[in-house]
Amino acid sequence: MHKHLPSDADSRAQSGANASSANANGASANSTNASSASANGTIGAANGACAGPTIEQRPLIITESDVRRVFKRVNTRKAMGPDGICGRVLKACADQLAPVFTDIFNLSLTLGIVLSSFKRSTIVKMLFVDYSSAFNTIIPSLLTTKLGDLGLHTSLCDWISNFLTDRPQSVRVGNCASFTLTLSTGAPQGCVLSPLLYSLYTYDCTATSSSTIIVKFADDTVVMGLISDTDKRAYLEEIKHLENWCQENNLLLNVSKTKELIVDCSRKQERHYQPVRISGTTVERVNSFRYLGVHISQDLSWSRHTNSLAKKARQRLYHLRCLRDFRLPSKVLRNFYTCTIESILTGNITVWFGNSTKQDRQALQRVVRSAERITHTELPDLQTIYYKRCQTKARRIVKDPTHPNNRLFSLLRSGRRFRSLKTKTLKFCFLHSPSLQ
């Protein structure tokens with residue numbers, strides 16, 4: 001039995017008819033599929049007739065159903081992309097957005113051009129700055145000038161200047177004492193005024209760019225930069241500005257203890273970043289850093305922090321067992337647990353507990369259950385403590401209109417509940433920080 005092979009004339013006629021049909025329906029969404037089917041028929045006829053060795057490549061076409069299916073599978077807990085559209089909107093409006101995005105994707109493939117917004121990348125760089133003897137380098141005369149600029153009365157400025165100058169100091173070891181040395185720089189260690197005076201001394205150390213933030217807590221300083229499209233000029237200029245500011249204010253940067261942490265929000269590929277240099281010395285890049293008692297990791301996970309807490313808390317359980325063996329009352333054992341173990345497990349709990357994994361929470365809760373068996377009393381679980389502290393902190397922020405995060409709490413239309421804010425990336429702090437408005 002012989003199969004009928006179409007002739008060249010039939011192939012040209014079929015190709016012309018299909019091309020006319022495609023042109024007539026070019027404005028519709030089905031035109032792409034019709035053109036693709038026509039091209040496939042023409043190619044098949046040409047191959048059957050062995051017209052020549054050249055074979056036309058089939059164009060890549062994305063269908064509307066493919067885009068709709070991808071949108072409906074979007075993880076709503078993921079952060080927004082460069083387009084600023086959250087996953088919840090893409091998933092809820094998949095039917096309405098699919099035709100629009102299908103045309104965009106197919107047009108991009110047809111022209112061979114990728115939109116600049118699709119190529120945009122965003123990373124967050126954090127420079128944890130360490131100073132050498134920060135409190136000991138305060139210049140009283142310069143501090144007095146800054147206090148005057150802040151509006152403090154002259155008599156109070158003179159009192160603080162007199163408090164910091166001509167202070168006798170000596171070192172005693174046993175019955176031996178060194179010679180007395182008179183100091184006129186720095187703030188005395190252990191004085192309750194020293195952290196406050198240092199904060200006032202560094203009040204003018206602020207960010208100079210809209211894409212950078214300088215976070216300060218006493219002498220713990222962090223320079224954060226939001227870098228888009230590999231443009232890190234503002235971040236490097238901010239570091240250079242901080243270096244110049246330190247020289248003008250008699251502060252010495254300890255580069256060996258200064259660390260840099262990079263959070264890549266795209267997480268799509270391994271990238272190589274140029275190291276930061278301060279005073280000709282390269283700053284070490286780390287995967288995690290302990291800042292104000294919390295381990296911050298480059299992947300924004302809290303496993304390292306929770307593992308550290310669990311290990312430290314389990315060590316304290318040994319002392320709790322020793323007290324139990326001495327037959328101390330359960331009330332005393334519970335007080336010991338609250339002071340030495342629970343304080344470790346719940347330190348800064350409002351920061352990390354909400355985004356910690358179920359496995360990490362269970363590891364911490366096992367420590368609590370072990371303490372319950374030792375003390376023979378019921379102890380509050382970490383989830384309850386977390387909720388209570390979040391509510392307490394939220395009430396304080398809502399009642400304080402001067403708090404930087406007060407405007408983040410907005411009521412729903414009902415007027416009885418506040419709008420929920422959920423984020424897992426550091427880009428949130430750049431979008432809502434008062435210093436960037």
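What follows is a short exchange about how some features of this predicted model come by their descriptions.

Me: What makes up the contact of H3 with H5?

Reply: Residues of H3, including Val 67 and Phe 71, meet residues of H5, among them Leu 97, Phe 101 and Phe 105. The residues of this contact divide into 8 nonpolar, 1 polar and 4 charged.

Me: How do you know that strand S8 pairs with S11?

Reply: Pairing requires at least two bridges, and 2 bridges join S8 (residues 259-264) to S11, so the two strands, which run parallel, count as paired. Lys 259 stands opposite Glu 284 in S11.

Me: What makes S6 and S11 the edge strands?

Reply: The open sheet, whose pairing is mixed, has 5 strands in the order S6-S7-S1-S8-S11, and strand S6 (212-217) and strand S11 (284-285) each pair on one side only.

Me: Why are both faces of strand S13 called covered?

Reply: Buried means under 20% relative accessible area, and Val 294 and Ile 296 on one side of S13 (residues 294-297), like His 295 and Ser 297 on the other, are all buried, so both faces count as covered. Strand S12 (residues 288-291) pairs with S13 in the antiparallel sense over 4 bridges, with Phe 289 having Ile 296 as its bridge partner.

How values were computed
Residues are numbered from 1 along each chain as its sequence is written. This is a predicted model: local features need pLDDT of at least 70, side-chain atom pairs count only at pLDDT 80 or more; totals for chains, interfaces and linings use all residues. Side-chain values use heavy atoms; hydrogens and water are left out. Buried means under 20% relative accessible area, exposed over 50%, partly exposed in between (1.4 Å probe, protein chains only). Contact means heavy atoms within 4.5 Å. Ala, Val, Leu, Ile, Met, Phe, Trp, Tyr, Cys and Pro count as nonpolar, Asp, Glu, Lys and Arg as charged, and the others, Gly among them, as polar.
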